[in-house]
Amino acid sequence: MAYKKFEAHIPQHPARPLFRASRIFDPLYIKMGIQVGDTSRNDIHRYSLITESSNPSDELLQEWVTYCGSVNEIIEVHIDLNSYWVGMQKILPILSSVALDYIWLPISSCSVERSFSMYNNLLNSDRQNLSCESLKQLNMLYFNGEGRF
């Protein structure tokens, strides 16, 4: 049952192309492309869904070249991406800043679905006459952990 839901939802998910593009911030993804001869992975313009890569500055392009050249030195099988990019901040300050934004994107729609469930609790039949301001305040209380329903 869960697989059928996954199969119906994920391939058409509107954020899927962005999640796929954000793989560039995993040095093992870039390294694997180099090893199998997929040099297109080294083209930053290929990832134009990432705003900063659609029209990169000269500095970002230089950092990109440095990043792609450095991935062959990685010998680990698993990398903590947060630690990796925090460690690269001195060498690749622009790219690290961008990467640290994108590696923290939610990887599923669970939090969105959870928020819809919370809204259903907020907007149940007993609360149909709430003003916009009251609804905003109730929403703030609920999402900041003060509201218990």
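Q: How much space lies in the largest cavity?

A: A cavity is a set of points on a 1 Å grid over the protein atoms alone where a 1.4 Å probe fits but cannot get out. Its volume is the space filled by probe spheres set on the points. Here, the largest cavity holds about 50 Å³ of space. This is a predicted model, where local features need pLDDT of at least 70 and side-chain atom pairs count only at pLDDT 80 or more. Residues are numbered from 1 along each chain, and side-chain values use heavy atoms.

Q: Which residues line the largest cavity?

A: Lining residues have an atom within 4 Å of a cavity point. In this case they are Ile24, Phe25, Ile44, Ile50, Glu52, Ser53, Leu60, Trp64, Leu95 and Val98. Helix H4 (51–54), H5 and helix H7 (93–102) each give two or more residues to that lining.

Q: At what angle do the axes of H3 and H5 cross?

A: Axes are lines fitted to C-alpha atoms, over the stretch in contact for helices, and 65 to 115 degrees counts as roughly perpendicular. Helix H3 (residues 27–36) and helix H5 (residues 58–70) have axes that come within 9 Å and cross at roughly 70°, so the two are roughly perpendicular.

Q: Is Trp85 buried or exposed?

A: Buried means under 20% relative accessible area, exposed over 50%. Trp85 has 0% relative accessibility, so it counts as buried. It sits in helix H6 (residues 81–87). Contact means heavy atoms within 4.5 Å; beyond its neighbours within four places in sequence, Trp85 is in contact with residues including Phe25, Tyr67 and Ile103.

How values were computed:
Axes fitted to C-alpha atoms, helices over the stretch in contact; angles between N-to-C directions. Helix = DSSP H or I, 4+ residues; strand = E, 2+ residues; numbered from the N terminus. Parallel < 35°, antiparallel > 145°, perpendicular 65-115°, else oblique. Buried < 20%, exposed > 50% of the residue type's maximum accessible area, 1.4 Å probe, protein only. 1 Å grid on protein atoms, 1.4 Å probe; cavity = no way out; pocket = protein on both sides within 12 Å on 5 of 7 lines; lining within 4 Å.
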